[in-house]
Amino acid sequence: MNLRQIEIFRAVMLSGGVSDAARTLNVTQPGISRAVKHLEQQLGVRLFQRLKGRLLPTEEARQLFERIQLVYQGVQTVQAFAQSLGDGAHSTVRVVCGPSMSLEVVPRVIAKQLEHTPLARFELEILPSVALVDALVMGHADVGVGAAVIEHPLLRIQRIGHMRMVCIAPRRYGLGDKSSVRMHDISALPFIAFDAHTTQGHLVAQALAKATPPVSPVATVRFARTACSLAEAGVGVALVDELTAANVASDTVDIVPMEPQLRIPVFVASPLNRPVSTLSERFLADTEQVFKASIAAYTARSQQAQ
């Protein structure tokens with residue numbers, strides 16, 4: 001049986017007659033009759049008994065119809081599955097991101113994705129840059145978002161902008177009265193530094209090397225949010241990225257721009273050795289859009305505050 005014969009046979013079985021089957025398939029009644037007769041000759045069995053203009057299915061026809069229905073149910077299942085792919089019903093995006101990106105940008109991207117594909121699922125893990133790269137290369141993640149200068153032959157890396165470093169300081173130091181802060185303004189104050197192996201630590205270390213008098217940190221951290229918490233507790237001043245600072249809701253600290261500016265590049269990445277899903281592609285595109293909007297909003301707030 002070919003697909004056309006299956007279609008005609010099924011139409012006759014469902015409608016119970018040649019006339020209704022012909023209307024269903026938009027063909028002539030003689031065409032249906034010839035097709036049924038040819039099918040019976042081809043199979044070597046009688047499929048229908050003719051009785052007063054109607055076709056009564058034989059036992060062989062009923063058995064054949066049951067198997068054809070199983071095929072149609074399978075096709076309908078495939079069609080439903082194919083349709084659901086566009087809704088993200090069977091898609092999971094494994095995301096790895098740096099701590100600064102996890103505070104605002106990535107949550108907003110996931111929320112935006114779920115507005116359009118509510119059945120999609122996301123797995124989110126927060127990692128430092130080196131571990132983030134390893135997760136992508138080893139196939140443990142589909143997309144990555146971070147703040148660092150990275151290169152890797154197995155990754156597709158796109159820089160989407162940069163974040164500026166700002167000074168966060170307990171208010172008792174009076175730095176909030178300044179439009180910007182230079183290293184000499186904070187060199188004599190208790191300082192919260194970053195681990196030298198981090199991107200922010202490398203940038204801050206370069207700036208500290210030019211400070212007079214030399215800066216001796218009172219605490220060293222790995223993550224900007226930790227530095228902010230220490231500053232809020234009155235431990236000292238820190239230089240952190242502007243998006244982390246923007247998520248500090250405290251009246252105990254001042255957040256002031258740095259001069260000259262220190263900038264941290266922000267990137268999105270995905271593996272080169274395997275295809276990127278449609279949902280992952282949308283995630284990467286939305287990340288760039290949300291990140292730029294977040295930076296623009298923070299810049300506008302900072303200018304209004306000044």
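Contact here means heavy atoms within 4.5 Å. The legends below refer to a predicted model.

View 1. Glu104 is placed in the loop between α5 (99–103) and α6 (105–116). Not counting residues up to four places away in sequence, Glu104 touches Asn247 and Ser294. With Asn247 there is also a polar contact between the side chains, at 3.5 Å.

**View 2. The aromatic pair Phe9 and Phe48.** The count of aromatic pairs comes to 2. In this one, the ring centres of Phe9 and Phe48 are 5.8 Å apart and the planes stand at 50°, so the pair is tilted. Phe9 belongs to helix α1 (residues 3–15) and Phe48 to strand β1 (residues 48–51), so the pair ties together parts that are 39 residues apart in sequence. Both Phe9 and Phe48 are buried.

**View 3. The aromatic pair Phe122 and Phe283.** This pair is tilted, with 6.1 Å from centre to centre and 40° between the planes. Phe122 lies in strand β4 (residues 121–126) and Phe283 in helix α12 (residues 278–305); the pair links distant parts of the chain, 161 residues apart. Phe122 has a relative accessibility of 19% and therefore counts as buried, the limit being under 20%. Phe283 is buried as well, with a relative accessible area of 0%.

**View 4. Arg10 and the ring of Tyr72.** The charged end of Arg10 sits over the Tyr72 ring, at 3.9 Å from the ring centre.

**View 5. Nonpolar cores and the contacts of Val240.** The largest nonpolar core has 60 residues, and Met101, Leu239 and Val240 are those with the most contacts inside it. Leaving aside neighbours within four places in sequence, the residues in contact with Val240 include Arg164, Met165, Val166, Ile168, Phe194 and Gln200. Ala224, Ala227, Cys228 and Ala245 are also in contact with Val240. A second, separate core has 18 residues, among them Ala11, Ile32, Val36 and Phe48.

**View 6. Val166 in strand β6.** Val166 is placed in strand β6 (residues 155–170) and counts as buried because its relative accessibility is 5%. The C-alpha atoms of Val166 and Leu239 are separated by 5.5 Å, although these residues are 73 residues apart along the chain. Beyond neighbours within four places in sequence, Val166 is in contact with Ala238, Leu239, Val240, Asp241, Glu242 and Ala245, and with Ile255, Val256, Pro257, Met258 and Tyr298.

Technical notes: Residues numbered from 1 in each chain as written. Predicted model: local features only at pLDDT ≥ 70, side-chain atom pairs only at ≥ 80, totals over all residues. Heavy atoms only, no water. Phe/Tyr/Trp six-rings, centres within 6.5 Å; stacked < 30°, edge-to-face > 60°. Helix = DSSP H or I, 4+ residues; strand = E, 2+ residues; numbered from the N terminus. Buried < 20%, exposed > 50% of the residue type's maximum accessible area, 1.4 Å probe, protein only. Lys NZ or Arg CZ within 6 Å of the ring centre and 35° of its normal. Polar contact = N/O pair within 3.5 Å; in protein donor to acceptor, adjacent residues only side chain to side chain. Core = buried A, V, L, I, M, F, W, Y, C linked by side-chain atoms within 4.5 Å.
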